[in-house]
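Subject: Structure for you, with notes on its cavities

Hello,

Here is the structure I promised to hand over.

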Amino acid sequence: MGLQGVIMTYAKETVFDHRTNSRQGLGISSQPAEPSKLEEMQCPSIEAWRQGTVQTVELLGKGDYLAVKLTGAGPTVTEAFAAGELPPQQMIDALDEICTKCKDRKVQILVDAESQHFQRGIHRITLDLMGKYNRDEYALVYNTYQAYLKSTPDTLSQHLAAASKEGFTLGLKLVRGAYIASDERSLIHDTKKDTDEAYDRIAQGALRQEIGEFGVKDGLPFPAVNLFLASHNKASLLAAHQLCRQRVEAKLPTVPVGFGQLHGMSDEVSFSLLQLKGPDGDPKVYKCSTWGAMGECLAYLLRRAIENRDAVSRTGDEHRALKTEIRRRLESLVSFST
């Protein structure tokens, strides 16, 4: 079909609901674990997450992506993330093992954004991983930035500064955001239009190599960035691809970019991009499959149900696109036969 590859993610995660001040998934208590016990033994939740993630890596091949949900490693990890701290050494060792295996298999890693209750710690460990592994003129590890958060431009500017200072390639995966049902509403843009505009500003800014004070006239040099646009919004993705193509043809600087949608969703968006594929193989389009036991997948499935509340309108778009494609094929057959 022309898809570049697959993104696979092990579904196990923890979602924090700010309204009830509770964690959902994994049967986790809202009470912190006792530090003394954490130091005395290895955490079985971390080991189970490591095994599930390594199993996922072994299903992937060259050019594929591994997406990881770090909160799936359980309470010792989520407590550290909630405090904005690094996770236990056992988790850091597991991440080093996963990064090494992925590098050997030529698989890249997308660290998923999660509930804002945990995000400060997730950003911290992901920056450490990028600083360690994104040293070979490409991003082995990507951080995920949620355009619906008002704070994302500032966060991204801080991470661009870190990449510039420390000399690593920033992996920038951009999504609109999937935790609107559980995150604090005041952190999120007031309207969908605001979120759409924020997404396009970041995506097109990265392609132009102009974000904040980086890359603009009299500003700071733009650091090395690899971009991955994960979205079901056709307009945003087509505009980004068009800009990328224009810059390449005009021999203007830009950044490498990939595109992704969820398996079973927005095929019309994926195939619309694939129809634009040029001799250089761009755009590179991926489909993301999430796997795990039913209980591990529940939080993921709930978010997809919320995301698909506008499925009827999207189905209409896909129906019109299918009719157009059928008409095009019939016309080509008639023209060929005559």
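To begin with the second largest cavity: α2 (44-57) and β4 (65-68) each supply at least two residues of its lining. Please keep in mind that this is a predicted model.

The space in this second largest cavity comes to about 30 Å³. Its lining is made up of Y10, W49, T53, T56, L66, A67, V68 and K69. Sorted by class, that lining holds five nonpolar, two polar and one charged residues.

How many cavities of 30 Å³ or more are there? The count comes to two.

Now the largest cavity. About 40 Å³ of space lies in it, and the residues that line it are V68, L95, I98, C99, I109, V111, L129 and V141.

Which elements each supply at least two residues of this lining? They are α4 (89-105) and β5 (108-111). Of the elements, α4 gives the most, with three residues.

By class, the lining of the largest cavity has eight nonpolar residues, and neither polar nor charged ones. In the second largest cavity, by contrast, two polar residues and one charged residue sit alongside the five nonpolar ones.

Best wishes

Methods: Residues numbered from 1 in each chain as written. Predicted model: local features only at pLDDT ≥ 70, side-chain atom pairs only at ≥ 80, totals over all residues. Heavy atoms only, no water. 1 Å grid on protein atoms, 1.4 Å probe; cavity = no way out; pocket = protein on both sides within 12 Å on 5 of 7 lines; lining within 4 Å. Points joined across faces, edges and corners; volume = space filled by probe spheres on them. Helix = DSSP H or I, 4+ residues; strand = E, 2+ residues; numbered from the N terminus. Nonpolar A, V, L, I, M, F, W, Y, C, P; charged D, E, K, R; others polar.
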